[in-house]
Amino acid sequence: MKMLVRSMKVIGATSLFLSSASVLASGYHFGTQSASNQGVANSGAAEVMDASTIFYNPAGMSRLEGTQVSGVLNVIIPKGEYTNIKTTTATGKTVTGGNGGSFGSTTAVPHLYATYQVNDKVNVGVGVFVPFGSHTDYEAGWVGRYQALESKIETINVNPSISYKVNDTVALGAGVSVQYINGQISKALDLGTATRNPAFFGNPAFDGESEVKGNDIGYGFNLGALFNISQDTRVGVAYRSKIKHTLEGDLTFKVPSALQSTVGKSPSLQNRDATLSVETPESFSINGFFTNLTLNGR
């Protein structure tokens, strides 16, 4: 008699994303933090495949033995294009220029996690990952230059964590986040219009430029619980807090030499300190894992 054992894994995941009033983060949230979860469409949080559980649910560390390390390097190669229909200045004059080229920027995004089993009850670990990021860079002289030239936001989160196995059914986890953020925004300025000479309106020869740069370190936390319903079934819940940032940096201006003695003396075009408030959103997730083993025979 020949026996064949087949294993079928059914993984279900449901996530509830709690919104943040100050920032619409869906545009810069980095959607995956590990190669293993990326391979199952980010539905493996309750399965606990490796040390990346630090991000998805710190209670999952209770299922990891010994010392484990997990890492991945994602390379993002975006492509974006703009087609101009009709772009005008504030005075209604048509703005000339190109379409900005492919404004997406290739970016390498690393993630690294490590866990250590202290004893049968306690595991500790640390994750270093990129939760948010975005970078667009348009060609100089494009028609939308008065709205944007380059925009960039970069974050890195260091997340030490601990898990405690209460019993064979329940495990709890918690972590602290130390998050660094760096931001940059630049755009062209239609200084030709500021001269009030219609011949200069929207003229790239009389364009200036403004640029804001800043950075900050913020703090947050994450919590998790994992419930072993049976040998084949697990359910996990996890919460990651919002993190408030106040970026501090500089606002700088560039004024063409032809306008230095006139428009360039305006108080509004003088370099100064700048601050920007950013709040990265909180999240709550519920994840389930079920494995069904069947025997097919003869």
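Colleague: Buried or exposed: how do you class R145 and D207?

Modeller: Both are buried. The class means under 20% relative accessible area, with exposed over 50% and partly exposed in between (1.4 Å probe, protein chains only). This is a predicted model, where local features need pLDDT of at least 70 and side-chain atom pairs 80 or more, while totals for chains, interfaces and linings use all residues. Residues are numbered from 1 along each chain as its sequence is written, and side-chain values use heavy atoms, with hydrogens and water left out.

Colleague: What makes R145 and D207 a salt bridge?

Modeller: The test is a side-chain nitrogen of Lys or Arg within 4 Å of a carboxyl oxygen of Asp or Glu. R145 to D207 is 2.6 Å, N to O, so the pair passes. R145 sits in the loop between strand 5 (133-137) and strand 6, and D207 in strand 8, so the pair ties together parts 62 residues apart in sequence. Strands here are DSSP runs of E, at least two residues; helices are H or I, at least four; numbering starts at the N terminus.

Colleague: How many salt bridges does the structure hold?

Modeller: Three. K165 and D168 meet at 3.7 Å, N to O. K242 and E279 have their closest N and O atoms 3.9 Å apart. That pair links distant parts of the chain: K242 in the loop between strand 9 (233-240) and strand 10 (243-254), E279 in strand 11 (residues 272-280), 37 residues apart.

Colleague: Why is E279 classed as it is, and what about K242?

Modeller: E279 has 15% relative accessibility, so it counts as buried. K242 has 37%, so it counts as partly exposed. D168, at 61%, is exposed.

Colleague: How do you know that strand 2 and strand 3 pair?

Modeller: Pairing needs at least two DSSP bridges between two strands. Strand 2 (residues 67-76) and strand 3 (residues 107-117) have ten, and run antiparallel. G71 has L112 as its bridge partner in strand 3. Strand 3 also pairs with strand 4 (residues 122-129), antiparallel, over six bridges. There Y116 stands opposite V124. With four residues between them, strand 3 and strand 4 form a hairpin.

Colleague: Which residues does V176 touch?

Modeller: Beyond four places in sequence, V176 touches V158, N159, P160, G220, F221 and N222. Contact means heavy atoms within 4.5 Å.

Colleague: Where is confidence lowest?

Modeller: Strand 1 (residues 4-16) has the lowest mean pLDDT, 34, and strand 4 the highest, 96. The scale is the predictor's confidence in each residue, from 0 to 100. Over residues 1-26 the value stays under 50, and the model has 63 contacts there beyond four places in sequence. Where pLDDT is low, the predicted coordinates should not be read in detail. The chain mean is 81, and 83% of residues reach 70 or more.
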